[in-house]
Amino acid sequence: MEDSAPPILELRHFGYTYLEGTPRASEAIRDASFEIRRGERVGIVGATQSGKSTIVDSFAHLLRVKPGQVFYEGRDIAEPGYDRARLRREVGIVFQRPDSQIIEDVVGADVAFGPTAAGLSAAETRERVEESLNTLGLPYPEYRLRYVHALSGGQRRRVAIAGVLAMRTPVLVLDEPMAGLDPRGRRELLELLFRLQDERDLTLIVCSASLTDASLLCDRFVVLDGGTVVMDGPVREVLREVDRLAKLDITLPEPVIGARELRKLFPDFPTDLLTEDELEAEIVKRIGAA
Amino acid sequence: MIEIEGVSFSYRTGEEDAVPALSELDLRVEPGRFVAIIGHNGSGKSTLVKLLTAIQYPTGGTIRIDGVPVDEENQWEVRRKVSVVFQDPDDQLVMNRVEDDVAFGPENLGLPREEIAQRVESSLGALGLREIRGRLIEDLSSGQKQRVAIAGALAMRPRFLILDEPTSLLPVPVAMRLVATIRDLNRRENMGVLHVTHSMHEASLFDRVVVMEAGRKILDGTPAEVFRHVERLRKVGLDVPLAASLAYRLRARGIHLEGDILDETDLRAALSAVRSGPQA
Amino acid sequence: MLELQRNVIFGQYVDTGSFIHRMDARIKLVITFVFVVASFLIGDFIGFGIVLLLLALIQIVSRIPVGFILRGSQFFLAFLLFILVFQVLFYPGEASNYLWRWWILSVSTEGLYTAGILGLRVIFLYHVTTMLMLTTSLVDLTNGLELIFAPLQRLRLPVNELVLVFVIAIKFVPIFIEEIERLARAQTARGVPFDQGGAVTRARRIGRLLVPIFISGFTRADTLTTAMNTRSYRGGRGRTKFRLMEARPSDWAVLALVLAWMIVAWLV
């Protein structure tokens, strides 16, 4: 039975207080529990400061979990003696600001950092670097020796992603992957992520204050508000609750906003629409019937 | 009045074939107008902001603001006429408490204390910040910080307010509220606004939309006029508001939609007319 | 994991709205100065004991939790301890009472005494300046410093600029600390084990982050300067003040109290 396998990641009554014990302490997340199964594509969504980034940090044990527990493949990652180096080789995180995770000055060396640290041979490392850079549209021969600081913001984000891809982690976590990109940069990154999903057997976690891209990349949403999980379910099911979502200061997908407005005209108009095509089809159905 | 005539600008890269960030741009903005400037990264819109605020000076052509040429000699006069808000409020907030930061600009102008106090008061009120006036900036959310930055700019009582992508890091509802507040200020204070953005959603709220590409102005008009060029905008990598794009597609199917369609409300109104049409 | 912001409080401002927070910044600066002078004049444990009582009083009135200060000072205290151990072991003078001797190292009563006094002196200076920053907002600090040093302007010293540079440097400390924390987290996630290894290894890893931090610091400083210029900042020339500085009688009373207290501590 497949269901008997433990979830790849699980939070159990997870809580975290930022700057605990100082006058500036603030509770980032409270009593969050959910599991993520292998191969799932989950969007963790909520307004800014709703606790998303804290959850991202918890996946790789980057903060003291207190209270609650975080499990990876059924094992508590805070246990003494737990192999966290291995955990971090399996859970790849692309942070909101790509600059923070770039370690080396030169593109090729930075992407090679993870594989080298994991003890891969030089030949294998090279192969992975080449493959990752090519996948991200940064051709290896051209970009290998470029200085990271001389690249544009969008390119640096790609280098950061390449560095994580080169680890071939079974879990890929993206924190606000589209923040600050212009429409063209967004579309390119989106296409790239679609391609990755097809080619690799990934468990994908996308954290964002915008459902626009997350709704295309994910099958399931975990919605956060003020540090607690307020909704959890398949993407379309969550989108049907549009009036609740609208109260959360998050970016709704444009088709959903459109559908919500058109519901004033057609009370049965569905709001679980992901694309312009779907919205168009629903309109045509109704106008044709009129 | 902002008058930009034949303005070019190249970043000195030391190479002969330096790519011009702006080439021979002409643009006039009357006082009190609400203008959006749209383009993807590298289209020259950020360079335009730097030239209008005397951070950089044109390598060709002239810019005048209320008749004052923007050059090194007049930089301080220019900065009294033009205030700017940048993308990341952390880069522009100087003091660590809300009201102290709002006061920073007026203090630099050497205004009497009562005048500063009055400007701080009205700016805080306009941005809805009165309740958090004593708070530390570091404890605020990104949307609140952006409001503080705008309050600081507003306290300068500028003729023009320039906004350099202040909403790009904010979720849409927060960004829309901010733009609505700015629109309100624009009307009440008759203060011209140039808002640089790549959010098409916001752009439809403006009097006028200027689209930039490769250092040139490629489209300029009311939002309705500009968003009619769906194909053209897509080709330069920009989005069109969904409602405008849908209207374009529905019309292509032969469905007749009345009027300009810029947002969801327009679309609903037009569709409502279509539905009741046959019975009428 | 790394939580530097909890462990380094230097440069932070915590508003508890206490009496000390509301005091005139100039008076607070003068009081700090009195403490600095006193800590050099006082040379025995009884004197320092008396000062300690006053510091405790200030701490209580400020309503800033002691635990917060202690946790926020652990790096500093560890460093101080390290220095003091050296101070004891390498006590240079001829001592009368050796407790332990080996090669050029020794532990003597004199050595312990000197190190003890030095330690107290440094801790007092640290505590007083930290309290000043924790209870004084950036504007008050700027305005206070400017007013106190205003006479130096006659010597053509650019007081306003210097003060502002100083204040911005202080403002950047917490930002840097936050940035180091962010970098350390992101790099840990990529396999640099910041949360493993001994103190020295950890310190070395953090040291490696300083280069990118400095680069980003320069960029930030540059951007901030531009932003200040666009907000009509011209080096303090012709600047007026929004915030009124007003020394209340109670502020003067506090100053008198501190002065008297220090004189007593010095003379006993």
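## Chain B against chain A

How many residues of chain B are in contact with chain A? In this predicted model, 32 residues of chain B are in contact with 30 residues of chain A.

The element that gives the most is α11(B), with eight residues. Sorted by class, the side of chain B that touches chain A has 15 nonpolar, 10 polar and seven charged residues.

## Chain A against chain C

Chain A also touches chain C, and this contact takes 22 residues from chain A and 21 residues from chain C. On the chain A side, at least two residues each come from α2 (84-90), α3 (98-101) and α4 (107-117) of chain A. The residues on this side of chain A divide into 12 nonpolar, six polar and four charged.

## A helix pair within chain B

In chain B, helix α3 (residues 98-108) packs with helix α4 (residues 113-126) at an angle of about 130°, and their axes are 9 Å apart. Angles over 145 degrees count as roughly antiparallel and those from 65 to 115 as roughly perpendicular, so α3(B) and α4(B) are oblique to each other. The crossing of α3(B) past α4(B) is right-handed.

From α3(B), the contact is made by B:Glu99, B:Val102, B:Ala103, B:Pro106 and B:Glu107. From α4(B), the residues are B:Ile116, B:Arg119, B:Val120, B:Ser123 and B:Leu124. By class, the contact of α3(B) with α4(B) has six nonpolar residues, one polar and three charged.

Conventions
Residues are numbered from 1 along each chain as its sequence is written. Chains are lettered from A and ligands numbered from 1 in the order in which they are written. This is a predicted model: local features need pLDDT of at least 70, side-chain atom pairs count only at pLDDT 80 or more; totals for chains, interfaces and linings use all residues. Two residues are in contact if their C-beta atoms, placed from the backbone, lie within 7 Å. Helices (H or I, at least four residues) and strands (E, at least two) are DSSP runs, numbered from the N terminus. Ala, Val, Leu, Ile, Met, Phe, Trp, Tyr, Cys and Pro count as nonpolar, Asp, Glu, Lys and Arg as charged, and the others, Gly among them, as polar. Axes are lines fitted to C-alpha atoms, for helices over the stretch in contact, and angles run from 0 to 180 degrees between N-to-C directions. Angles under 35 degrees count as roughly parallel, over 145 as roughly antiparallel, 65 to 115 as roughly perpendicular and the rest as oblique. A crossing is left-handed if the near helix is turned anticlockwise from the far one by less than a right angle, and right-handed if clockwise.
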